[in-house]
Amino acid sequence: MSEHSAVPGAVPGPVCTVVTTTDSEPAARDLAAGAVAARLGACAQVVGPVTSVFRWDGAVQTEQEWRVEIKTAADRVDALTGHLRERHTYDVPEIIAAAVTGGSADYLSWVVAETR
């Protein structure tokens, strides 16, 4: 897993990055570890703190959050989304999935294999 650079012409695997945010580092670590332990993600990074600005309950809010980025096979996104919703403390958690359109073929294959 030491090679993370994009390889020109590599065939992308059916891989997605799923992103969520939460209100503390321990909560972010729990979401990341739970997803990987359940084989719903091959790996996850916790990034933060970040400053989020959003509208909630009719007012603009500014809060510190931690972002969790989970790499998963595309066919595991629905299960991962359900897993995150069940364990998240937010009423309406941010859960966004983006397709990976390129990268190291070896890494993308590893992501798919680790979510089986």
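Which strand gives the most to the lining of the largest pocket? It's β3, with four residues. Keep in mind that you're looking at a predicted model.

- Four strands make up an open sheet, and if you walk across it you meet them in the order β2-β3-β1-β4.
- The pairing in this sheet is antiparallel.
- At the edges sit β2, covering residues 43–56, and β4, covering 95–99, and each of these pairs on one side only.
- Going from one strand to the next, the twist averages 30°.
- As a bit of background, strands in a sheet pair through backbone hydrogen bonds, and they can do that in a parallel or an antiparallel way.

**Who pairs with whom**

- β2 and β3 run antiparallel and are joined by 12 bridges.
- To see one of those pairings for yourself, find Q45: its bridge partner in β3 is E69.
- β2 and β3 also form a hairpin, with two residues between them.
- Look for D57 in the turn of that hairpin, where it has a positive phi of about 55°.
- Strand β1 (residues 15–22) is joined to β4 by five bridges, and these two strands run antiparallel as well.
- Here you can check C16, whose bridge partner in β4 is A99.

**The helix across the sheet**

- Helix α3, made of residues 105–114, lies across β1, β2 and β3.
- Its direction is at about 95° to β3, the strand spanning residues 59–73.
- S109 is one of the residues in helix α3.
- Is S109 buried, exposed or partly exposed? S109 counts as partly exposed because its relative accessibility is 47%, and that label covers values between 20% and 50%.
- S109 and V15 are 94 residues apart along the chain, yet their C-alpha atoms are separated by 8.7 Å.

**The largest pocket**

- How do you find empty space in a model? Rolling a probe the size of a water molecule over the atoms shows where some is left.
- The largest pocket holds about 280 Å³ of space.
- Its lining is built from 14 residues, and F54, W56, E65, Y90 and V92 are the ones nearest the centre.
- Both β2 and β3 supply at least two residues of this lining.
- Sorted by class, the lining has six charged, five nonpolar and three polar residues.

Conventions
Residues numbered from 1 in each chain as written. Predicted model: local features only at pLDDT ≥ 70, side-chain atom pairs only at ≥ 80, totals over all residues. Heavy atoms only, no water. Pairing = 2+ DSSP bridges. Axes fitted to C-alpha atoms, helices over the stretch in contact; angles between N-to-C directions. Contact = heavy atoms within 4.5 Å. 1 Å grid on protein atoms, 1.4 Å probe; cavity = no way out; pocket = protein on both sides within 12 Å on 5 of 7 lines; lining within 4 Å. Points joined across faces, edges and corners; volume = space filled by probe spheres on them. Nonpolar A, V, L, I, M, F, W, Y, C, P; charged D, E, K, R; others polar. Buried < 20%, exposed > 50% of the residue type's maximum accessible area, 1.4 Å probe, protein only.
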